[in-house]
Amino acid sequence: MSTIQHDFLREKRETQGLPSMAQLLPSRGALIRLGSLIGGSLLLGVVGLTGLISYQHEANKANAQKVYVTNRQLKSTRALAEQEELRFNQIKVANRKRASDLATLRSSAALLSELQLRTPEKVQIRSVQLSDTALQVKGVAVEPMAFSRINALQLSLKESPLLAKDISLTKVERVPEIIKPLPVKKGEKASVAAIVIPTTVSFELNAPLAILPPEQKAAVLRVLGAEGMAGRLELLNREGLLK
């Protein structure tokens, strides 16, 4: 084995108190083996860490794929649930609307009966319109005291449990007396007979419907003799279609 003949750092070693190359040469093999062992250990550690990172990366990719699939399934399920909820709400609203319309339709007969009972003498109801919120009444009152008769009708309707208290006249118009001569048949003498239509007052009034709980409305209908309508209303209420 060749030896190192020249130590160019000898003087520097001596000044720093370090051993000479000749003293270090006998332990060179051990140092090399130690270095190789440390380097190999480090290399194996790096390879093992790289493999572990690669394995973890693949596991993360697999988990990410599972999460992606699960999220898609959740979104699809949520969309279906929202569609079903929307459909259910639409059906529920439609059922309640039908039930409300049915209840209103059934109580319209009671309203007309109530109006008929509360109409004073010499007041004629010409037309009635029933909306979702009010009763529109058109009619005429005969003179004398036509305005008093209209006022009596208004006050009487305010006492109805089916109507609200703020009943208002929306139109009042006096219609003058009308004289219509009787027709004369051919060959008969002229006649002075005629039909006299007395002075009247036409009117229109707005009667808002009272907002009654189903139980109270059913009780009112029973008082008015509408047993069938009251029973249907109670049935709709028990089914939760009027809430």
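**Salt bridges and where they lead**

Reply: Glu-114 counts as buried in this predicted model, because its relative accessibility is 5% and the cut-off for buried is under 20%. Its partner is Arg-118: the two side chains meet in a salt bridge, with 2.8 Å from N to O. Arg-118 has a relative accessibility of 22%, so Arg-118 counts as partly exposed. Both residues belong to helix H3, where they are four residues apart, which means about one helical turn between them.

The total is four salt bridges, and the Arg-118 and Glu-114 pair is one of them. Another joins Arg-174 to Glu-143, whose closest N and O atoms are 2.4 Å apart. Arg-174 is in strand S3 (residues 168-175), whereas Glu-143 is in the loop between S2 and H4, so this pair ties together parts that are 31 residues apart in sequence. Arg-174 is partly exposed at 46% relative accessibility, and Glu-143 is partly exposed at 22%.

A further pair is Lys-171 and Glu-173, with 3.9 Å from N to O. Here Lys-171 is partly exposed, with a relative accessible area of 40%, and Glu-173 is partly exposed at 41%.

The peptide bond from Glu-143 to Pro-144 is cis, with omega near 0°. Pro-144 sits in the loop between strand S2 (134-142) and helix H4 (146-158). Met-145 is found in that loop between S2 and H4 too, and its phi is near 65°, a positive value in a residue other than glycine. Why point these out? Most peptide bonds are trans, and most residues other than glycine have a negative phi. Met-145 is exposed, because its relative accessible area is 55% and the cut-off for exposed is over 50%.

Lys-122 also has a positive phi, near 65°. Lys-122 lies in the loop between H3 and strand S1 (123-130), and is partly exposed, with a relative accessible area of 45%.

That leaves the strands. What is the order of the strands in the open sheet? It is S1-S2-S6-S3, four strands with antiparallel pairing. S1 and S3 stand at the edges with a single partner strand each, so one side of each has no neighbour in the sheet. From one strand to the next, the twist averages 15°. Strands of a sheet pair through backbone hydrogen bonds, and the pairing can be parallel or antiparallel.

S3, the strand of Arg-174, is joined to strand S6 (residues 200-208) by seven bridges, and the two run antiparallel.

Leu-34 is partly exposed, with a relative accessible area of 46%. Together with Leu-37, Ile-38 and Leu-42, Leu-34 forms a nonpolar patch on the surface, and the accessible area of the four together is about 410 Å².

Notes
Residues numbered from 1 in each chain as written. Predicted model: local features only at pLDDT ≥ 70, side-chain atom pairs only at ≥ 80, totals over all residues. Heavy atoms only, no water. Patch = residues over 30% accessible without salt bridge, like charges linked within 9 Å, V, L, I, M, F, W, Y side chains within 5 Å. Areas by Shrake-Rupley, 256 points an atom, 1.4 Å probe, with all protein chains shown as cover. Buried < 20%, exposed > 50% of the residue type's maximum accessible area, 1.4 Å probe, protein only. Pairing = 2+ DSSP bridges. Axes fitted to C-alpha atoms, helices over the stretch in contact; angles between N-to-C directions.
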